[in-house]
Amino acid sequence: MLCQNCHQNEATVHLTQIVDGKAEKYHLCEACAEQKGIDVHADPMDLSGMMEKLKHQLDHLKDEMAEPAVSAGPAGPATCPSCGMTRTEILKKGRLGCDRCYESFAAEMLPVVVSLQHADQHLGKVPRRASVRMRTSVEQARLRRELDQAVAAENYELAAKLRDQIKALPGEGGSP
Amino acid sequence: MSPRAPDEDAAYREAYGIVLSSRVRLARNLRGLPFPDRAPPEIRAEVRRRVQAAARAALPFQELLADAPSLRRQMLFEDHLISRHLLEDRPEAALCLNEARTQAVMINEEDHLRIQALRPGLALREAWADADALDDALEAQLDYAFSSSLGYLTSCPTNVGTGMRASAMMHLPGLVLQNEMEPIANGLGKIGLTVRGRWGEGTAALGHMFQVSNQLTLGLAEERILADLEEIVKEIAEHERNARERLKRERKIFVEDLAARARGVLAAARLMTAQEALERLSELRLGIALGLVKGIALPQVDRLLLEVQPAHLQTAAGRLMGTEERDAARAARLRAELGRRPPAQTKSEKRTP
């Protein structure tokens, strides 16, 4: 794959950025990435480093913004209503306080998850106890992924089959 | 150790010569309760009670680690049954085990549950099948924290999604001695896998033992993660076989010398640190695999790799020992097994008086 910026060198730096809640992927060569101020030698799993960076960005944000409304805007509540964990603590430790923290701090956590995992959707096992809605949601994501791959591989027969399977899911209207 | 038939040795070497074991662990948490590091003691106790009750049928051997002496915990750590994290005194941390000691649940580690399954050799799918079934059995009685977008929710975002870390323990002396380990380690990082030393910190892999595991846990189904990992482990094993063959072909005297010295030191030393024992046993293991060392079988070396570790030594002795006493006991243990063997058969050892 060629660099999206210079269209000359092989793209070796692959980034995912969250813009308006949507993941966007960038593929750059090392030179262009460095030009854009991306640390190409950073260990992708260096959580504390990433948290540190994020903290700087947040501090910056906080200065710019007034107290945000709950669950809206880039910064959510400062404390998790379920376990009392604060945003600062999470950023310092790199660990969350409880399962609800993922929702309480979604604005901060989603970019962290995406930069660590290069993904934002679970495609694996679903607990048997999970609701039909949850199971359908994961199944739908899995089928959509397969559909994308089938289309990319120009396997239209398989694509049509997958589309039918997606439509057949409970509570599924059909179009994305 | 009873003498083994040559074909039995060959079968063992084929099965466990390079990939010693496979492991799958799953991180799970109970819905609506704070994670262990955040939970007050009464919540941790509640989590422990609930998980112990759910695990009783499948994993009847249960113990409270907080009450266990540190030697006991160290022993479980050396047996790969608990994590380094649980060596510390953590209130309400517990372990549930099956009789074969191949399946376990750690309670109140970093997550409420760390389910794990171990299999000898390269058997990642089998280990997953074990862990998956155990997970189903536990979930029949427990309500897990799960989101349809982020999957199983974990204390650290590096585990979110499948919560699965699958790993293979590999003995890679050929790649290390041929200076091929570093490029491989770097390449693995680029494809979402990671390699680290089994013993020792950072890149210094003691005894050429490495753990290769998946780094990513979100955005891929478990089967896909396992298939990718298995493919790479097989590839690394193939590289290792080639590196060993090249060593034998191109640097025979060097590798013969290495194994013979290792054997000599193991057979004669009076003081032996754990580090030195692991290094010499690894070199001996390589020599046996290449057919350069006779009279010692691989299973014996593999057993010694475990027995020379500090908690195993002290447990066998039935008491705590200081460092020097331990080094003496370790050397004695190794001498007893490797010191009084039939006369050496390789050329370099014929000179031994």
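**Close-up 1. A:H118, in the loop between α5 and α6 of chain A.** Most residues other than glycine have a negative phi. A word on the model: it is predicted, so local features need pLDDT of at least 70 and side-chain atom pairs count only at pLDDT 80 or more, while totals for chains, interfaces and linings use all residues. Residues are numbered from 1 along each chain as its sequence is written, and chains are lettered from A and ligands numbered from 1 in the order in which they are written.

**Close-up 2. B:R101, in the loop between β3 (94–97) and β4 (103–107) of chain B.** Here too phi is positive in a residue other than glycine, near 60 degrees. With 13 other C-beta atoms within 10 Å, B:R101 is partly exposed. Helices (H or I, at least four residues) and strands (E, at least two) are DSSP runs, numbered from the N terminus.

**Close-up 3. The side of chain A that touches chain B.** The contact takes 31 residues from chain A and 35 residues from chain B (in contact means C-beta atoms, placed from the backbone, within 7 Å). On the chain A side, the elements giving two or more residues are α5 (106–117) and α6 (132–152). The largest share, five residues, comes from α5(A). Sorted by class, this side has 17 nonpolar, eight polar and six charged residues (Ala, Val, Leu, Ile, Met, Phe, Trp, Tyr, Cys and Pro count as nonpolar, Asp, Glu, Lys and Arg as charged, and the others, Gly among them, as polar).

**Close-up 4. Helix α3 (residues 70–78) packed on helix α11 (residues 310–317), both of chain B.** Their axes are 8 Å apart and meet at an angle of about 125 degrees (axes are lines fitted to C-alpha atoms, for helices over the stretch in contact, and angles run from 0 to 180 degrees between N-to-C directions). That makes α3(B) oblique to α11(B) (under 35 degrees is roughly parallel, over 145 roughly antiparallel, 65 to 115 roughly perpendicular, and the rest oblique). From α3(B) come B:L71, B:Q74, B:M75 and B:E78, and from α11(B) come B:P310, B:A311, B:H312, B:Q314 and B:T315. By class, that contact has four nonpolar, four polar and one charged residues.

Definitions and conventions:
Contact = placed C-beta atoms within 7 Å. Buried ≥ 20, exposed ≤ 12 C-beta atoms within 10 Å, placed from the backbone.
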